[in-house]
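The sequence and the model are shown first.

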Amino acid sequence: MQFENFMLYLCRRNLNTKQAIMKNQIFRTVKEWLQDYEFTITLEDEAQRILIIEKESNGIKNMILIISDSILIMEQFLFEIKNPSEQTFRKLLQKNRDIVHGAFA
């Protein structure tokens with residue numbers, strides 16, 4: 001019985017190691033793409049799978065990328081609302097319906 005538990009442990013450990021390697025490979029691939037397109041990486045945390053990038057010529061400053069298993073989460077400050085009102089927020093929420101790739105939050 002102990003041998004079977006040990007073998008099960010080894011199989012799980014091997015699977016977790018392979019998954020970790022795959023996650024790191026996805027992170028590295030995204031990083032390589034960014035470098036190929038000449039983005040500046042201002043912060044990199046492979047353990048948390050987070051990159052902060054810039055390319056001011058394209059209007060991108062301090063964009064946060066969170067690299068998940070099946071999705072790339074992109075966060076970017078767009079603008080400050082100078083005169084906040086219910087109508088402004090309502091229109092932004094309505095825009096969420098039109099934006100396939102993201103949403104205002």
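## The second largest pocket

A pocket is an open set of grid points with protein on both sides within 12 Å along at least five of seven lines. In this predicted model, the second largest pocket holds about 190 Å³ of space. Its lining consists of 14 residues, and Val30, Trp33, Leu34, Leu65 and Leu72 are the closest to its centre. Two or more lining residues come from each of α1 (2-36), β3 (60-67) and β4 (72-75).

Helix α1 supplies the largest share of this lining, with four residues. By class, 13 of the lining residues are nonpolar and one is polar, while none is charged.

## Overall architecture

The protein chain contains two helices and four strands. Along the sequence, these elements follow the pattern α-β-β-β-β-α.

Of the 105 residues in the protein chain, 14% count as buried. The accessible surface amounts to about 8,900 Å², and carbon and sulfur atoms account for 56% of that surface. Among contacts between residues at least 6 apart in sequence, 12% join residues at least 24 apart.

## The largest nonpolar core

Ten residues form the largest nonpolar core: Phe27, Val30, Leu34, Phe39, Leu51, Ile53, Ile60, Met63, Leu65 and Ile67. At least two residues of this core come from each of α1, β2 (50-55) and β3. Strand β3 gives the most, with four residues.

Val30, Leu34 and Leu65 belong to this core and are also among the residues closest to the centre of the second largest pocket.

Which residues does isoleucine 60 touch, not counting residues up to four places away in sequence? Its contacts are Phe39, Ile53, Glu54, Lys55 and Gln76.

## Residues with positive phi

Glutamate 38 has a phi near 60°, a positive value in a residue other than glycine. This residue is located in the loop between α1 and β1 (40-45). Is glutamate 38 buried or exposed? Glutamate 38 is exposed, because its relative accessible area is 64% and the cut-off for exposed is over 50%.

Arginine 49 likewise is not a glycine, and its phi is positive at about 60°. The loop between β1 and β2 contains arginine 49. Arginine 49 counts as buried because its relative accessibility is 11%, and buried means under 20%.

Conventions
Residues are numbered from 1 along each chain as its sequence is written. This is a predicted model: local features need pLDDT of at least 70, side-chain atom pairs count only at pLDDT 80 or more; totals for chains, interfaces and linings use all residues. Side-chain values use heavy atoms; hydrogens and water are left out. On a 1 Å grid over the protein atoms alone, a cavity is a set of points where a 1.4 Å probe fits but cannot get out, and a pocket is an open set with protein on both sides within 12 Å along at least five of seven lines; lining residues have an atom within 4 Å of a point. Grid points are joined across faces, edges and corners, and a volume is the space filled by probe spheres set on the points. Ala, Val, Leu, Ile, Met, Phe, Trp, Tyr, Cys and Pro count as nonpolar, Asp, Glu, Lys and Arg as charged, and the others, Gly among them, as polar. Buried means under 20% relative accessible area, exposed over 50%, partly exposed in between (1.4 Å probe, protein chains only). Contact means heavy atoms within 4.5 Å. Accessible areas come from the Shrake-Rupley method with a 1.4 Å probe; for residues, only the protein chains shown count as cover. A nonpolar core is a set of buried Ala, Val, Leu, Ile, Met, Phe, Trp, Tyr and Cys residues joined through side-chain atoms within 4.5 Å.
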